[in-house]
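Biologist: Please show me the sequence and the model, and then let us go through them by question and answer.

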Amino acid sequence: MDVHHISASLAPPSPKRGRGRPQDAAGWLTYGILTVTTLLFVAPFYYMIVAASRPMSEMNTFPPPLVPGGDLFSNIGTAIHQQNIGLALWNSLVVSTVVTVSTVLFCTLAGFAFGKLRFRGRNLLFAITLGTMMIPPSLSVVPLYSVMAELGLAGTLSSVILPSLCAAFGVFFMRQYLIQALPDELLEAARVDGATTLRTFWSIVLPIARPGAAVLGMLTFMTAWNDFFWPIITLNSSNPTVQVALNNLGSGYVPDTAVIMAGTLIGTLPVLVVFVLLGRQIVGGIMAGAVKG
């Protein structure tokens, strides 16, 4: 018996294909769960489109319609006519963009300082920062509005932006992320090369922090865009954000749900666009970090 016959006899048997392998069952089960989950999340958005494209009388019937109608643009026009949706969108875009950029920048700086730099009182300052998360936002409304009124900012977008320029959660999030993702050896090498702390932050910390910053930016933008409690207190109806404008839609003895859904659709689209764009940045940053590692 030659060598080829001996090696063939000692080789393990090849697995049989096509018959109920556990891997196939697990794969189909995973895809099934993902499909059901996707449908559950997409269904409310689809029904919002259906409600925004039909008269309110049709939406009150049983069973309700499940196919979009032809009144979408007329309901959107009614929503824009009732409230200045264009101004509200612009105000929300300005507020959300400024708050997101400042939060990501300041929280990354603070997270880098608390996580990687050594200075006196670091643990105490970080504990105080985390302690601010335990204060209910409703307790700070009266003093915060008093401060904005004293500064002459009540009723302006600055009164919405200034209290949200930095967030304790963002500081904690970026600190934990940089502790895991930023090696101390890189910082030591930068110090040996003579780089300053700001130069190290700009050239080393920011590129490594990009995936975490993208996640924080997405969460911050969505939170600022959907914020309703503080803007409705400090802003007036002539200079609203999207959520304040949507609160005044469909006014009347019987609220027009079709108009409300049309306005909600307009206010939801920018959030979806930002989610898709930052979602790509998250995946790209993770892949880049995996290749470099």
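**The pocket and the packed helices**

Biologist: What volume does the largest pocket have, and on what basis is the model read?

Modeller: Residues are numbered from 1 along each chain as its sequence is written, and side-chain values use heavy atoms, leaving out hydrogens and water. In this predicted model, local features need pLDDT of at least 70 and side-chain atom pairs pLDDT 80 or more, while totals for chains, interfaces and linings use all residues. A pocket is an open set of points on a 1 Å grid over the protein atoms alone where a 1.4 Å probe fits, with protein on both sides within 12 Å along at least five of seven lines; lining residues have an atom within 4 Å of a point. The volume of the largest pocket is about 1000 Å³.

Biologist: Which helix gives the most to the lining of the largest pocket?

Modeller: The lining has 27 residues, with P137, P163, S164, C166 and A167 nearest the centre of the pocket. Helices (DSSP runs of H or I, at least four residues, numbered from the N terminus) that each supply at least two lining residues are α5 (85–116), α7 (141–150), α9, α12 (210–226) and α13 (229–234). With 5 residues, the helix that gives the most is α12.

Biologist: Are α9 and α12 roughly parallel or roughly antiparallel to each other?

Modeller: The axes of α9 and α12 lie 10 Å apart, at an angle of about 160 degrees. Angles under 35 degrees count as roughly parallel, over 145 as roughly antiparallel, 65 to 115 as roughly perpendicular and the rest as oblique. The two helices, α9 and α12, are therefore roughly antiparallel.

Biologist: Which residues of α12 does α9 meet?

Modeller: Contact means heavy atoms within 4.5 Å. From α9 come F169, G170, F173, M174 and Y177; their partners in α12 are P211, G212, A213, V215, L216 and L219.

Biologist: At what angle do α6 and α9 pack?

Modeller: Helix α6 covers residues 122–131 and α9 covers residues 168–181, with their axes 8 Å apart. The angle between α6 and α9 is about 130 degrees.

Definitions and conventions. Axes are lines fitted to C-alpha atoms, for helices over the stretch in contact, and angles run from 0 to 180 degrees between N-to-C directions. Grid points are joined across faces, edges and corners, and a volume is the space filled by probe spheres set on the points.
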